[in-house]
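Please keep the structure open beside the text as you read.

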Amino acid sequence: MAVDEINTAGGLLGRPLELIFYDAQSSNQLYSQYATQALLRDEVHAIHGGVTSSSREVIRPIVQRFGGLYVYNSLYEGGVCDRRHVSTGMVPGQQLDALCPYVINERGGKRGYILAADYNYGHITSRWLQKYIRDLGGEDLAVEFIPLDVSNFSSVLARIQDAKPDVVWSALVGAAHMSFYRQFHSTIGKDEMMIAGTTYSIGREQVELSPEEGEGIILATSFYDSLGTEAADDFVSRFHEYSGETDYIGEYGEGGYRGLMLWAEAVRRAGSPEPDAVIEALGDTSFSGAGGLYTIDGQTNHTTMNIHVAVQNDKQDFEAIQTFDQMDPVDTQLVCNLHENPDDTTQYEVEL
Amino acid sequence: MLWFLFRDFRRPSGERPTVVWWLFVVAVAGVLLVWLPGTLGLAEMLDLSVVFVLALLALSMSFLWGYSGMLSFGQTAYFGLGGYVYAVSAMNLGTTTVPFLLGVLLPMAFALVVGYFIVYGRLSDVYFSVMTLVITLVLNKAVRATSGSQYVVGDVRLGGQNGIPGVPPLQVPWDPATALFIDDVYYLSVILVLVAYVGLRLALASRFGRVLVGVRENEKRLALLGYDPRRYKLGAFVIAGGLAGLSGTMFAVWGNFVAPEMFGLQRAAEVIIWVIVGGKATLIGPIVGVGLIQYLTTWLGTQGVGQVTLVLGIVLIAAVLLFREGLVPTLGTLLLRLTRLRRGDDPNKRDEP
Amino acid sequence: MDTVFTYLYQVGFAVSILVLISLGLALIFGMMKVINLAQGEFLMLGAYFCVLTSSMGAPLWIAIPVAGVLVGLFGVVVERTVIQWLYGRVLDTLLATWGVSLLMIGIVTTVAGPQSHSISSSVGRVVVGGFVVPGWSMVIIAGAVLMLLATYLILRFTNLGLIVRGTMQNPQMARALGTNTSMIYMLTFGFGSALTGLGGALLVPLFGASPTMGGLYIGKAFIAVISGGPLPLIGTMSASGLYGSIDGVMSYLFSPVLGEIIVLLVAIVMLRLLPSGITGGMRKGI
C-alpha cells in the first residue's frame, strides 16, 4: 500500500517505486538465496522484510557483504548494532519500560512467572523481564522456556499453580503457544492471576481466542487498530479499502508500511536512493504514522516511538490504558554507538 | 551408440563404466566448469551451487537406498552434523581446513556407531527406516532446545532454533588469507559432485559394489553364498554418512549459516522426494531430482503462489504412482524403446545383460 | 495423596492423547501394513471439520462425531484413489501418503489460511489433587476410553469384526473363504481415518486447529504404533500406556521438552529390544 500511495503522489524523488516480492517460505536457505539475488541481480535499493530473528541474522551478513540497506520491521529482542540495518519495530527497552511499571506498580503484579519461547527472542526478552521486575521491586519466581512446537501446557500450568504468582509474563510465540491462553482460561482463570504478554496481538490472538479466553490480557504495543487517534483510524480505513479485507492489521501489518515510509523519507532527505547515501541520512528521519511519531535514532538505527499499554476487553478488542510518548530504544542505546563504531555488526545481549 | 548411455540411466548394475560414459562425464564437466560460468551471474551461481551441494546429499541417499536397499530417514542427521561440526570448529579454531575434514569424518564416525547398532541388530527394513526417523526426531528436538546461553562449544553458541549465523567461508588450504567467494564455491561444489559421482560409479563396479547390489536383491541368498551382508551394509552406511556430512559442511560454507532446519523433517522429506522423482536406483537420477525440485521451489517463491507444499505433495504422489522407478529410469526406458524401434529391433526381445 | 492424583492425571491425560492420535493408525497398520504418514493431517482435518461444523451452529457433542464421520469418508476416497494401488509396497505407501499429507496441508492453508482456529468448551474446571485442570481434559480421557471400548466391541462381538480380524491374520485364507478383502481394506481405512478425525476434533477446545498441527503429532503416533506391534488394540494400549506414562511424569517433573526427548530415547531402546513391537510375538488377539 505504501508503494502505491507514493507512486500515486508522484513517486519518490520523481521516480516510481518498484516492489519485488519473494516468499522465502520460512526457509533460511531461501532467505539467503533471495537476499543475494535481490542485491546482485535485481539491484534493489533496500530490502524490507524477514520476520524471525534467524532470518534477519541470515540477511544481515549478505547485506553487509554486498553493500545494501536492510530495513527490519518487526518487533524483536533488541541489540543489533549494524549501520546497514534499520529497525523500525519495538524493542524490549521501549516495550517493557512501559508495560512493567503499569503491571507491577499499578496492578500489583509483584510476583511474576515468566514463560518464554525457546529461542533467542524468548531468552533475551525473559532476561529483560527479570531485570525490569527486580528493578521495580518485584519478584521473578521462575522462568520456563517452551519450544515452539509444544502445545500441551498441562505440566506448565500445574507448576504455575504451585508457585502462585500474581502475574504470568508471556513471551510465547506462534500457533502452538496460543493454546496456553486457552488452557490457562480452562484452569486458573484471570480472576486469580493476570497475564501480561510481550508478543500478544502479533499473531492476532485476540481474534482467534474466544472473548473469554482473551479478556483481561495486558499488552504493550506500538500500534493496534482501535487505538482511537485520528491517525490510527485513518490508516485502518485506508488499509481496509486498499486490501478489500477487514482483518486485524496490528503492529506487524502496520510495521511494513511504517518501514517503507521511513525509508522513503530518508531517501528524500538524502536526495538519492543509493544505500550508502540513504544510510548517512537515516538519523533523525521521522514519519508521523498510525501509532504516532516515529523517529530513527542515528546512534543505533533503531526507532523512537509511542508505546501504548492496553488491556483486552470482553469484545476481542483492546482498550487503551496509557500511552507512553516517544520511548527511546534505551536498551540498544546503552551498548551501541554507530557514530563511534560505524563498522560494528554485532548483536548485543543483556547480562543480568 | 547413445543407447549405451540410456541403458546406463535405466538401471546401472555393477558393470564397468564404458568409454561413452567417460566421454559423457568429461563433456558435462566441461559445460559446468567452463562454459556455464561465463554466462551466469553471481546470483545464479549461488542458486546453482546449492543444487550441487544438496546433490551430494541426494547421492548419499540413492547410494544407500537404491543400491543397498536401505531407506534411511536419517541422512539429514549427518547433513546437519557435518554443517554444525564445521561451523563450531571453524569459529573456534579460526582456520577452516581441519574443520572441513572434521565435517566429513565426524559424521562418518557417528554413522559407524548408529549403523552398528542398527545393522547388527537385525532390524527389518521398515523398522530400520523408523529407527532412523526417530534418531532424526531426537536430534531435531535436542538441537532446537539449545537456545540458552549455556549451550556453548568453545566460544560458539549453538543458538537453538536460530542456529549459528556468520559461519566463516572456506579458506584456501595452502593460502589461508584467501577465502572462497561465491563463484569459487560453485566450482568446488561442481568438482565435488563430479568426483562423488565418478567415485560411486567406480565403487559400484568394484567387488564391494557388486556385493552391495546383491544385498539389495536378495540378502539371504548372499549370506548363503558366504558373504556377511552386515559388514557391507555397515560400509555402505558409513560411506553414505560421509557423503551427507560433506554435503552439510559444504552447505555451511555455501550459506555461511547452520540451523536446526538442516535436521528437520521437511529437509528429510525433500531428500526422499528428490531421489524418488529422479530415480532411486541410478546415480544421475537424484541429481536431476534435486535440480528440478530446487528450481521448482525457488521459482514458486518468486511467483507468490504461496502453496509450495501443495505442489510438492502432488509431485510426490504422481512420482510414486506414475513413475515407479523415477524420472530418469522411466525416461531411459522410453528412450531405449525409441532407439530400438528405430533400429528395427524387435521390442519384445530381451535386452542383453 | 494429592501428589498421587496429580501424577495419575498427568499420565492419564498424556496416555489419552496418544491413544486419540494413534488408534486409527494402528488399525490401518495392523490390517494392511500401511504406514499412513498423512495420519497427522487426518487429525488436522478432523479438527477443522469440527471448527467448521461448530461455526455453523452445531453444539460440540454433535460437531465432534460429525467431524469423525467426514474424515472417515475422506479416508475412503484416499484409499480408493491412492492407497489401493500400493498394497504390499510398504515404502512406496509411506512416500505416497507423505505426498497426501503435503497436499492436505497445502489445501487447508489455501482454503482456511495459515492461522489457527479454536472453539471454547463450556465445560469449565475440575480440581484434581489440589490443582485446577481443564474440564475438557476429562472429556478427552473419556473419549479415548470410549474409542478403545467401541473398537474392542466391534472387533470382538460383531460379524464384521470377526471378518476384519480374520483378514488381518490371514488375508489369503479370508479371500479363499469368499471375503472381499478389497472392501474390508477400504472399510478399515475408513474406520481408522474416522477414529483419527474424531481424535483431532476432541483436541480442538484445548489445542486449537492449525494447518501444521499434524506434524506435531505424527512422530509420536508413528512411534507408538511401531512400538505397539501388529495387534492394533493391545499394541496401542500398551505403547500409549508406556510412552504416555513416561511423558506425563517427565514433563511434570522437568519440562515438556525433556519429556518428549526421553520418550524418543526409550523408543529407540524398545525398538532395539523388541524389533517387531510389543505385540510382535502374539499371533492371536486384538
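**From one side chain to the whole**

Glu44(B) counts as partly exposed because its relative accessibility is 25%; here buried means under 20% relative accessible area, exposed over 50%, and partly exposed in between (1.4 Å probe, protein chains only). Before going further, please note that this is a predicted model, in which local features need pLDDT of at least 70 and side-chain atom pairs count only at pLDDT 80 or more, while totals for chains, interfaces and linings use all residues. Residues are numbered from 1 along each chain as its sequence is written, chains are lettered from A and ligands numbered from 1 in the order in which they are written, and side-chain values use heavy atoms, with hydrogens and water left out.

Glu44(B) has a partner in another chain: a salt bridge links it to Arg41(A), with 2.4 Å between the closest N and O atoms. The term stands for a side-chain nitrogen of Lys or Arg within 4 Å of a carboxyl oxygen of Asp or Glu. Glu44(B) lies in helix α3 (residues 42–68) of chain B and Arg41(A) in the loop between α2 (28–40) and β1 (47–48) of chain A, so this pair joins two chains. Helices (H or I, at least four residues) and strands (E, at least two) are DSSP runs, numbered from the N terminus. Arg41(A) is partly exposed too, at 38% relative accessibility.

Now look at the whole boundary between these two chains. Here 30 residues of chain A are in contact with 35 residues of chain B, contact meaning heavy atoms within 4.5 Å. Together chain A and chain B bury about 2,500 Å², with 52% of it on carbon and sulfur atoms; buried area is the accessible area (1.4 Å probe) that two parts lose on being put together, summed over both. On the chain A side, Gln29(A), Gln33(A) and Arg65(A) supply 23% of the area buried against chain B, more than any other three residues. Two salt bridges are counted between chain A and chain B. Arg157(B) and Glu349(A) also meet through their side chains in a salt bridge, at 3.4 Å from N to O.

Chain B has another neighbour. Its contact with chain C takes 36 residues from chain B and 37 residues from chain C, and the area buried between them is about 3,300 Å², 84% of which comes from carbon and sulfur atoms. Tyr127(B), Lys141(B) and Ile317(B) supply 17% of what chain B buries there, more than any other three residues. The count of salt bridges between chain B and chain C is one, and Lys141(B) pairs in this way with Glu260(C) at 3.0 Å, N to O.

What lies inside? The largest nonpolar core has 216 residues, and those with the most contacts inside it include Ile164(B), Phe251(B), Trp98(C) and Leu203(C). Such a core is a set of buried Ala, Val, Leu, Ile, Met, Phe, Trp, Tyr and Cys residues joined through side-chain atoms within 4.5 Å. A second, separate core has 90 residues, among them Trp128(A) and Phe324(A).

Let us finish within chain A. Asp234(A) forms a salt bridge with Arg238(A), the closest N and O atoms being 3.2 Å apart. The two are separated by about one helical turn, because they sit four residues apart in helix α10 (residues 230–243) of chain A.
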